[in-house]
Amino acid sequence: MTAGRKMRLGSFLTAVGEHMAAWRHPDAPSGDRASFRPYLEIARVAEDALFDLLLIGDVGPNSDAPLETLVLNHGYDRLDPMMLTAALAVTTRHIGLVATGSTSFETPYLIARRFASADHLSGGRAGWNCVTTSNVSMARNFSQDAPAAHDDRYDRAEEFVDVVRGLWDSWDDDAFVRDKASGVYFKPEGLHLLHHVGAHFKVRGPLDAVRSPQGRPVIVQAGSSEPGRNLAARVADVVFTTHQTIASARDFYRDIRARAAGFGRDPDAVKVLVALMPVVDATQAAAQAKLGELDALVHPTLALARLSHALGGVDLSPYAPDAPVPNNLPKGIGMQSRRQPLLDLAARENLTLLQLAGRTAGNRGHWTLADTGSAIADHMQEWFDGGADGFLLVPPRTPESLREFAAAVVPELQRRGLFRTVYEGSTLRSNLGLPCPAPRRAR
Ligand SMILES: Cc1cc2nc3c(=O)[nH]c(=O)nc-3n(C[C@H](O)[C@H](O)[C@H](O)COP(=O)(O)O)c2cc1C
């Protein structure tokens, strides 16, 4: 490990928490989540703790589930990620703001313009979590009967990202002369029309936005399948990933870095952040009791529905919930990234379907540590060595879990020289230690 290498820290931003039952906790507010105040409060906790970024996720609820499952679902009172980003851009000062935008349903021009605008509004702190959406009921909101097949979604995503990056490079940094005397607004040689014609998109350009403060907003990718890894290695500045064991995290880390090198990139220019749900308390027993209290609030029907989704959209109804997880489950057309870690966990511990659902529904299958601050820092340090550049926190309850992490884990990481004590730069790229892409003319 390189001496002096600093850990990157991000966190999901959700109003009540990322644990599925967070909203049912006795101390959770019972009002709706369509207000800005809780988000701002959480953002300030993360910014005071010097986090690199916040992720505003966007996974629509599965509205095709039977009504008895649907009524248990808490995903309906959310805010649009870009609107939230705009509001946070002008109310925070340092923290990176990564919003999710789907390559399956959006169009490249509008994504390019929104994220360029977010980068301007935030002074260079915007990031785009580009996801391929597998949610059937969301597809039905976008004039599709069903989502495209997995590899076809990535085929579209590859072209989508190229168009977005091309549009972000529409103008040289010094293109806009705005010469009052001559009336010339921009230099013709500073304009680069894209003229893109591909299998999915036809986009001429230019973007009606000057080059953004970071050159280009930060691109985030979170797929772990073969095409997901290739897209990440080719275009992503930051990769989010989920692992249950350090061996699997190290394999993934090595693999992404090797693939990035294969695309002619510096592997250090791709920051891999492993998702981590931290439950902090004064003793390990207290932390585990705190997590147990939340897990006990997950409804079994919802737990099995979530497990089905996490396994890639597999129909679990033919299988007995109390029998061991079958080793020949079909694949499903949904996301594949969490399937293998879950099946590995079931095999390791010989779990039944319902046990696997109970163990993983609350934390959505993310690596979970319920322990003291220093023990959690120990694990993070171990994984940081060869398995990750940092961690994306999946705080079970917000702002409580983030506050506890900030109070007990961050100072421990700082004492060990693993985490910053001051923001190094003013943009997300500079804080992450990523280069600012050169303007097109210089490339
Ligand atoms: C930490 C993390 C955060 C994610 N956030 C989102 C999200 O907000 N919206 C979404 O549609 N998918 C999200 N995903 C899913 C991935 O973007 C990806 O679509 C999914 O893993 C399927 O790709 P794969 O089959 O290549 O693994 C997330 C994944 C991870 C690991």
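The following dialogue reads selected features of a predicted model.

Trainee: Into which domains is the chain divided?

Mentor: Domain 1 takes in 8-282 + 366-442, and domain 2 covers 299-361. Taken over C-alpha atoms, the centres of domain 1 and domain 2 are separated by 27 Å.

Trainee: How many residues of domain 1 are in contact with domain 2?

Mentor: An interface may be described in more than one way. The size of an interface is often given as the accessible area lost when the parts come together. Here the description rests on contacts: 17 residues of domain 1 meet 17 residues of domain 2. On the side of domain 1 that touches domain 2, four residues are nonpolar, 12 are polar and one is charged.

Trainee: How is helix packing to be read, and at what angle do the axes of helix α3 and helix α4 cross?

Mentor: One considers the approach of the axes, their angle and then the residues in contact. The axes of α3 (residues 81-89) and α4 (residues 108-121) come within 9 Å and cross at roughly 15 degrees. Since angles under 35 degrees count as roughly parallel, that makes α3 roughly parallel to α4. The crossing of α3 past α4 is left-handed. From α3, the contact draws on Met82, Thr85, Ala86 and Ala89, and from α4 on Arg114, Ala118 and Leu121. By class, this contact of α3 with α4 has five nonpolar, one polar and one charged residues.

Trainee: At what angle do helix α6 and helix α7 pack?

Mentor: Helix α6 (residues 150-168) and helix α7 (residues 226-235) pack at about 10 degrees, with their axes 10 Å apart. The two helices, α6 and α7, are therefore roughly parallel to each other. Asp151, Tyr154, Ala157, Glu158 and Val161 of α6 form the contact with Pro227, Gly228, Leu231 and Val235 of α7. The contact of α6 with α7 has six nonpolar, one polar and two charged residues.

Trainee: At what angle do the axes of helix α10 and helix α12 cross?

Mentor: The axes of α10 (residues 300-310) and α12 (residues 353-361) come within 8 Å and cross at roughly 85 degrees. Accordingly, α10 and α12 are roughly perpendicular to each other. The contact includes Leu302, Leu304 and Leu307 of α10, and Leu354 and Leu356 of α12. The residues of this contact of α10 with α12 divide into 10 nonpolar, two polar and one charged.

Trainee: Turning to the backbone, which peptide bond to Pro206 is cis, and where is Pro206 found?

Mentor: For a peptide bond, one reads omega. The bond from Gly205 to Pro206 is cis, with omega near 0 degrees. Pro206 is found in the loop between β8 (202-203) and β9 (218-221). The bond from Thr398 to Pro399 is also cis, with omega near 0 degrees. Pro399 occupies the loop between β13 (390-393) and α14 (400-408).

Trainee: What is the phi of Arg178, and in which strand does Arg178 lie?

Mentor: Arg178 has a positive phi of about 45 degrees although it is not a glycine. Arg178 lies in strand β5 (residues 176-179).

Key
Residues numbered from 1 in each chain as written. Predicted model: local features only at pLDDT ≥ 70, side-chain atom pairs only at ≥ 80, totals over all residues. Axes fitted to C-alpha atoms, helices over the stretch in contact; angles between N-to-C directions. Helix = DSSP H or I, 4+ residues; strand = E, 2+ residues; numbered from the N terminus. Parallel < 35°, antiparallel > 145°, perpendicular 65-115°, else oblique. Left-handed = near helix turned anticlockwise from the far one by under 90°. Contact = placed C-beta atoms within 7 Å. Nonpolar A, V, L, I, M, F, W, Y, C, P; charged D, E, K, R; others polar. Domains from an automatic or database assignment.
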